[in-house]
Amino acid sequence: KLPPKLILCSGRLLEKVGITSEVQFLRIIMDGIPPLEDKHLFIKDLRFEKVKVRIYQPKIPTTSQRRGILYFHGGVGLFGSIRAYERTCRYFARKSNSVVVSVGYRLAPEHPYPTQFEDCLTATIHFMRTAQDYGVDPSRIIICGDSSGGTLTAAVAQALVNRRDLPKLRAQILIYPFLQSVNFNLPSYQQNEGVPILLKQRILALGLKYLNRDLSIMEAVSKHSHIPEDLQLKYQKWVNPDYIPHEFKSRGYKPSTTHPFSEEIYTLVKPVFDTVFSPLIAEDSVIAQLPEAFILTCEFDVLRDDGLLYKKRLEDHGIKVTWCHLQEGFHGTVFLAFWGRVIAFQSGNKGLKKIVNFLRLM
């Protein structure tokens with residue numbers, strides 16, 4: 001098995017020599033080798049409207065309706081797939097005795113942003129309306145996702161708060177989510193900028209690829225030249241290093257200096273201020289109506305503070321949050337827990353167990 005850092009370097013090398021694009025390479029690597037047949041689950045490929053899904057139903061008979069879980073995979077909207085997350089979804093279905101729907105949303109750049117969010121929302125609404133057809137209690141539907149799948153989870157939960165024609169979501173599970181494009185110099189970005197597998201430069205580059213923007217503007221975005229002063233002042237209420245608990249700054253953190261605003265850069269990257277792309281900057285009126293949450297953060301992850309800030313916002317509005325912080329964890333550790341029994345991935349196994357414990361209470 002290739003170490004994660006070598007996988008990323010290999011992808012960039014193959015792209016440079018013209019063999020394949022980095023995105024295509026990462027798609028192949030993430031898909032991996034599919035697992036063998038599962039004797040404990042019924043597994044079926046379906047379409048919810050036009051969206052591909054795979055549904056996992058436990059074979060154990062039950063007299064009552066089960067909980068339902070919609071899973072949105074990670075991969076920055078560029079890679080990841082139903083197949084890549086086969087082991088993850090089987091695990092949740094078996095261990096929590098739930099019906100799991102893995103959502104195969106369409107990927108960028110072939111399907112431009114925000115197609116990924118629209119597909120996830122379509123699949124969620126369809127499942128909420130037809131839950132009983134799959135033996136699921138409509139009042140026990142949970143949405144879940146890791147990394148950019150966590151972004152999609154938060155965005156779908158926000159999109160549903162004012163829907164009176166649908167049941168309320170029971171909960172949302174955000175696994176090391178990306179939640180904001182306002183500040184790329186939070187303590188976790190500074191402390192973990194060179195930690196595999198999600199280096200700071202990679203998140204900026206992949207984010208711009210996701211939006212189909214030129215990578216030449218990457219440095220300007222990392223220096224926050226993309227934010228007008230009025231928006232900076234507005235978002236400071238929610239995206240602010242002052243709200244990160246002191247213990248998370250002990251590994252070395254320096255307040256960042258501001259750089260001059262560029263109208264040109266702002267115009268190019270304006271979509272990053274959509275709440276679909278940056279759910280952390282949603283209005284208070286939306287945040288106050290969100291369902292109960294489980295948020296998983298990792299110490300060695302540039303996105304750690306996104307999770308901490310969202311936790312604070314939800315709790316400030318009286319939303320119950322179950323927080324799991326993996327002190328030895330790194331970005332991708334939950335996904336990689338299924339790639340082999342390697343000691344470094346014990347944090348991933350711990351995270352999986354905590355998620356299952358939360359699901360069993362729903």
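Mentor: What follows is a quick chat about this predicted model.

Trainee: Which residues does UniProt place under "active site"?
Mentor: The UniProt record, an unreviewed entry, puts that feature at Ser147, Asp301 and His331.

Trainee: Are they spread out or clustered in space?
Mentor: They cluster in space, with a largest C-alpha distance of 10.6 Å, although they are spread over 185 residues of sequence. From this set, Ser147 is part of the lining of the largest cavity.

Trainee: And where is serine 147 found?
Mentor: In the loop between β5 (136-146) and α5.

Trainee: OK, new topic. What does α5 pack with?
Mentor: Helix α5 (residues 148-159) packs with helix α4 (residues 115-130), at an angle of about 60° and with the axes 10 Å apart. That angle makes the two helices oblique to each other, and their crossing is right-handed.

Trainee: Which residues meet there?
Mentor: From α4 you get Gln116, Phe117, Cys120, Leu121 and Thr124, and they meet Leu152, Ala155, Val156 and Ala159 in α5. The residues of this contact divide into 7 nonpolar and 2 polar, with no charged ones.

Trainee: How much helix and strand is in residues 69-212?
Mentor: That stretch is 38% helix and 18% strand, and its end C-alpha atoms are 31 Å apart. Residues 266-333 are 32% helix and 28% strand, with end C-alpha atoms 33 Å apart.

Notes:
Residues numbered from 1 in each chain as written. Predicted model: local features only at pLDDT ≥ 70, side-chain atom pairs only at ≥ 80, totals over all residues. Heavy atoms only, no water. Axes fitted to C-alpha atoms, helices over the stretch in contact; angles between N-to-C directions. Helix = DSSP H or I, 4+ residues; strand = E, 2+ residues; numbered from the N terminus. Parallel < 35°, antiparallel > 145°, perpendicular 65-115°, else oblique. Left-handed = near helix turned anticlockwise from the far one by under 90°. Contact = heavy atoms within 4.5 Å. Nonpolar A, V, L, I, M, F, W, Y, C, P; charged D, E, K, R; others polar. UniProt positions renumbered as here; feature names shortened; annotations may be inferred. 1 Å grid on protein atoms, 1.4 Å probe; cavity = no way out; pocket = protein on both sides within 12 Å on 5 of 7 lines; lining within 4 Å.
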